[in-house]
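Hi,

Here is the structure I promised you. Have a look at it first, then read on for what I found.

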Amino acid sequence: MARLEVLYNAECPICRREIEHYKRLSGDDLAYVEITAKSAADWGLSEDQAAKQLHVRRGEQITVGVEAFVAIWRQLPYFWILAPVVNIKPIKAVCSVIYRRCLAPLLFAAHKRRSRSRSRSRSRRRGGAGS
């Protein structure tokens, strides 16, 4: 069976902290891939698409959002017990709506603000160096 790969936004402090926790628990059982233009393209995504929600892949099968969390949790100590609970249809439906409509958009908006802020800072440094 192919190893589960996790595509995550390393520029997002919340995402990074969560993935670092998963890394400590999973050892070599999961592969963690930071979002870059190249890695996103390898998954058939743009960087923005990749950053909007958590993605996992096993072989050619890509899973997104709450289903991706469940796939990860199934392979982690302690979390494996949470996976079947969140996978119960009504619970999964509520979690999916909260993640897709609230949490993921908030995290993505914060990511875009950080990206714009970094771009402006770089532009000011370049512009200020030639003045």
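Which exposed residues sit on the face of α1 turned away from its buried side? They are Arg17 and Arg24. Keep in mind that this is a predicted model.

Let's stay with α1, which covers residues 13–26. On the inward side, Ile19, Tyr22 and Ser26 are buried. Looking down the helix axis, you'd see the buried residues within an arc of 55 degrees, so they line one face of α1. They pack against β1 (4–8), β2 (30–34) and α4 (66–73). Just past the helix, glycine 27 has a positive phi of about 60 degrees.

Now for the rings. There are 4 aromatic pairs in the count. In one of them, tyrosine 22 and phenylalanine 79 have ring centres 5.6 Å apart and planes at 85 degrees; angles over 60 count as edge-to-face, so that's what this pair is. It ties together distant parts of the chain, since tyrosine 22 is in α1 while phenylalanine 79 is in the loop between α4 and α5 (82–86), 57 residues away. Phenylalanine 79 also pairs with tryptophan 73, this time stacked, at 6.1 Å centre to centre with 25 degrees between the planes. Tryptophan 73 is buried, at 11% relative accessible area, and tyrosine 22 is buried too, at 1%. Tyr22, Phe69, Trp73, Phe79 and Tyr99 make up one aromatic cluster.

One last thing to look up: arginine 57 lies over the face of tryptophan 43, 4.3 Å from the ring centre.

Cheers

Key:
Residues numbered from 1 in each chain as written. Predicted model: local features only at pLDDT ≥ 70, side-chain atom pairs only at ≥ 80, totals over all residues. Heavy atoms only, no water. Helix = DSSP H or I, 4+ residues; strand = E, 2+ residues; numbered from the N terminus. Expected span 1.5 Å × (residues − 1). Buried < 20%, exposed > 50% of the residue type's maximum accessible area, 1.4 Å probe, protein only. Arc of directions from axis to C-beta. Contact = heavy atoms within 4.5 Å. Phe/Tyr/Trp six-rings, centres within 6.5 Å; stacked < 30°, edge-to-face > 60°. Lys NZ or Arg CZ within 6 Å of the ring centre and 35° of its normal.
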